[in-house]
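Welcome, and please take a moment with the sequence and the 3D view before reading on.

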Amino acid sequence: MKKDVGLQRLGECGVVAVIRAQSAAQLQDIAKALLDGGVVGIEVTMSTPGAIGGIEKLANSFGDSLVVGVGTVLDAGTAAAAIQAGAQFVFSPVTDTRVIE
């Protein structure tokens, strides 16, 4: 999905659900329930065990119907891995130019 389309969809929905699951295995069911309720944006926090793998499964399973992102990103390596896995946006609680790049 193109960046501008993802941003538009998030804006139209008005909600990004922040998911701090106990395991990546829970993400599929959570994502389905959110989509059924009209929420198209999901941020998987890095505090979720197996978050990168979970993001990859969400991106592969839901395709363009879901805008998947990653949160609680503290370093550039994590940001790169999440983007490689299919994350379409990155949130970080710190200002680090390497993460931004």
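The points below go through helices, charged side chains, rings and loops in turn.

This is a predicted model, in which local features need pLDDT of at least 70, side-chain atom pairs count only at pLDDT 80 or more, and totals for chains, interfaces and linings use all residues. Residues are numbered from 1 along each chain as its sequence is written, and side-chain values use heavy atoms, with hydrogens and water left out.

**Helix α2**

- Helix α2 spans residues 27-36, and its buried residues are Leu27, Ala31 and Leu34. Here buried means under 20% relative accessible area, exposed means over 50%, and partly exposed lies in between (1.4 Å probe, protein chains only). Helices (H or I, at least four residues) and strands (E, at least two) are DSSP runs, numbered from the N terminus.
- Looking down the axis of α2, the buried residues fall within an arc of 65°, so they line one face of the helix. The arc is that of the directions from the helix axis to the C-beta atoms.
- The buried residues of α2 pack against β1 (16-19), β2 and α3, where contact means heavy atoms within 4.5 Å.
- On the face turned away from the buried side, α2 carries the exposed residues Asp29, Ala33 and Asp36.
- Just after α2 comes Gly38, with a positive phi of about 95°.

**Helix α4**

- Which residues of helix α4 are buried? In this helix (residues 76-85) they are Thr78, Ala79, Ala82 and Ala85. They cover an arc of only 130° around the axis, which puts them on the same side of α4.
- The cover over these buried residues includes α3 (51-62), β3 (67-71), β4 (89-90) and α5 (97-100).
- At the start of α4, a side-chain oxygen of Asp75 comes to within 3.1 Å of the backbone nitrogen of Gly77. A polar contact is a pair of N or O atoms within 3.5 Å; within protein, one must be able to donate a hydrogen and the other to accept it, and residues adjacent in sequence count only if both atoms are side-chain atoms.
- Gly86 follows α4 and has a positive phi, near 125°.

**Charged side chains**

- How many salt bridges are there? The count comes to two, a salt bridge being a side-chain nitrogen of Lys or Arg within 4 Å of a carboxyl oxygen of Asp or Glu.
- Asp36 counts as exposed at 58% relative accessibility, whereas Lys32 is partly exposed at 47%.
- Another salt bridge links the side chains of Asp96 and Arg98 (3.2 Å, N to O). Asp96 is buried, with a relative accessible area of 13%, while Arg98 is exposed, with 57%.
- Glu43, found in strand β2 (residues 41-45), is buried yet has no salt bridge. The nearest side chain of opposite charge, Arg20, is 6.2 Å away; Lys and Arg count as positive and Asp and Glu as negative, while His and the chain ends are not counted.

- A search of the whole structure finds one aromatic pair. The rings of Phe89 and Phe91 have their centres 5.3 Å apart and their planes at 65°, so the pair is edge-to-face. Rings of Phe, Tyr and Trp (its six-membered ring) pair if their centres lie within 6.5 Å; planes under 30 degrees apart count as stacked, over 60 as edge-to-face and the rest as tilted.

**Loop residues**

- Thr72 sits in the loop between β3 and α4. Although Thr72 is not a glycine, it has a positive phi of about 60°. Thr72 is partly exposed, with a relative accessible area of 30%.
- Val94 has its place in the loop between β4 and α5, and is partly exposed, with a relative accessible area of 39%.
- Leaving aside neighbours within four places in sequence, Val94 is in contact with Val73 and Leu74.
- Val94 and Gln8 are 86 residues apart in sequence and 25 Å apart in space, C-alpha to C-alpha.
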